[in-house]
Amino acid sequence: MKRSTYRRSLARPLVGVLVLGGVLAVAGSTGAQVTGRCSNCHTMHNSQDASPMTLNESATPNPMLTRGDCMGCHASGTNQKMWNIDGVTFIPQVFHTDASGDLAGGNFAYINDTKAGGIGDGDNRGHNVIDIFGPGSDDNLSVVPGGILQYYHDQNVTDLTLTCAGENGCHGERVWNSGVTGLAALKGAHHGNTDGACNPPLDNPTVGDSYRFLLGVKGYENQTSGQKWQNVSASSHNEYFGQAVPNVMHCSGGTGSCHFPGGPIRPRNQTISGFCGTCHGNFHTLKPPTSDGSESSDGQSMGIGPAVTSPFRRHPTDIVINRLGAGSEYSQYTTYNVNAPVGRTTVLSAPSAVVTPASDTVTCLSCHMVHASPYPDMLRWNYDALQAHSGSNTNGCFICHTTKDDV
C-alpha cells in the first residue's frame with residue numbers, strides 16, 4: 001500500500017527529524033513566534049567541518065537557509081500532540097500518536113492508520129497532503145470535491161499536487177501558477193506571527209497576522225495556558241470568523257472572487273468557510289436564480305441554493321444559525337460545544353462560552369476537522385451512528401438541530 005511506503009520512507013530520516021524537534025525553540029508557552037538561537041533553525045552555507053548542516057545530513061540546502069522543513073517540526077510522529085522539547089517550548093503536532101487526543105485541526109495519522117480509533121477507510125478521513133503521504137496517495141479521490149468546475153480548480157489541486165503550504169495548499173502565500181510551496185510560502189511568518197485575535201486587513205494581509213497562517217483569514221487563536229492550538233471546552237477554544245450571508249463565489253472580481261489582482265488566492269469575506277471555498281467552492285457559494293427564475297446550470301450555480309432560507313441544496317455555511325429554519329429548533333444551542341463550533345461575525349479577543357443563535361453562524365468547521373479526523377469525510381463525529389428522534393443523542397447534528405432528536 002502507498003501508506004506503508006510512506007512509513008518506510010519516514011523511518012530513514014527519523015534521527016534528523018527528532019534532532020530538529022530537540023533544537024528548535026519555536027513556540028514558548030506565551031506565544032507562537034520563533035525564539036532562541038538563530039543557529040537552531042538556520043545555517044548560512046550548509047557546511048561545517050566538511051559536513052552538511054541540514055538535520056537529515058542532506059547536501060541539498062532548504063529554502064530560507066533552514067536546517068529542516070515543515071514536516072520535521074510539525075509531523076514528527078511522536079506520542080506528543082504538543083511536542084515539549086525543553087520543558088518550556090512546545091511545537092504543535094499535526095501527525096502524532098498521542099492517546100490523549102488531538103489538536104483543533106485534527107491528526108493526519110488517521111489517514112495513515114497509525115492511530116487507534118479510526119473508523120472506515122483512512123483515505124476518506126482527511127486531506128492526503130503529498131508532504132506526508134506522497135503524490136497519488138488517495139485511493140478514493142483524485143480531484144477536489146466541490147470544486148467549481150467552470151474554473152478548473154479541480155484540475156489544479158489534485159492528489160498529485162495538494163500540499164500543506166503554497167499555491168496548492170492551505171497555509172502561507174497561495175499565488176496562482178507561481179509554483180511556490182512549502183517553506184518558501186511561509187517566509188517570515190513565524191517571526192511575525194500575531195497571537196490571540198487575528199484581524200488582518202483585507203487588502204494587504206500578511207501570513208503572520210492571519211489566523212493559523214491562512215492568508216487573510218480572521219479569527220482568534222486559543223491562548224489558554226497549556227491548551228494552545230486546542231479546542232478543549234466551552235471556555236477554552238479557538239474562535240472562528242463567519243458572516244451572516246455566504247458569498248456568490250466567482251473569479252471575475254468583486255466580493256465573491258478569491259483572486260486578487262496580481263496577488264495570492266484568499267477569501268474576500270475573510271471567513272474560515274470562505275477560505276475553504278477557494279477550493280471547495282460549490283459547497284459554500286450562494287447562487288441567485290437567473291432572470292427568468294430558473295436555476296442556471298453553469299459551474300457557479302451548483303452551490304447551497306439561491307437564497308439563505310430553506311430548502312437548501314447543500315448544507316449552508318457562513319449563515320446565521322436561526323436562518324436555517326423556522327421555530328425553536330436551534331434555540332437550545334446556547335452553550336458552546338467544541339464538537340460543533342460556531343462562527344462569530346466579529347473577531348473576539350477571548351473565547352466565549354455563549355452561543356447566540358440569532359447572530360452566530362455555521363461554518364464548515366462546525367461539522368468537519370481540517371487535517372483529518374477518526375471518521376469518514378473528516379467529520380467530527382460518526383454520522384452513521386446518529387439516529388433521529390431517538391431521544392438518546394447528545395452529539396453530532398443534534399447539537400444544533402436539537403428538536404430533531406425529540407421523541
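Arg212 is buried (under 20% relative accessible area, with a 1.4 Å probe and protein chains only), at a relative accessible area of 19%. The model is predicted, and local features need pLDDT of at least 70, side-chain atom pairs count only at pLDDT 80 or more, and totals for chains, interfaces and linings use all residues. Residues are numbered from 1 along each chain as its sequence is written, and side-chain values use heavy atoms, without hydrogens and water.

Most residues other than glycine have a negative phi, and most peptide bonds are trans. Arg212 has a positive phi near 50°. This residue sits in the loop between strands E3 (197-198) and E4 (219-220); strands are DSSP runs of E, at least two residues, and helices are runs of H or I, at least four, numbered from the N terminus. Asp377 also has a positive phi, near 65°. Asp377 follows strand E8 (361-362) and is partly exposed, with a relative accessible area of 49%; partly exposed means between the buried limit and 50%. A cis peptide bond, with omega about 10°, joins Ser310 and Pro311. Pro311 lies in the loop between helix H7 (272-276) and strand E6 (319-320).

The chain has seven helices and eight strands. Buried residues make up 51% of its 407 residues.

The lining of the largest cavity has 14 residues; Asn247, Met249, Asn269, Gly274 and Asp318 lie nearest its centre. A cavity is a set of points on a 1 Å grid over the protein atoms alone where a 1.4 Å probe fits but cannot get out, and lining residues have an atom within 4 Å of a point.

Definitions and conventions: On a 1 Å grid over the protein atoms alone, a cavity is a set of points where a 1.4 Å probe fits but cannot get out, and a pocket is an open set with protein on both sides within 12 Å along at least five of seven lines; lining residues have an atom within 4 Å of a point.
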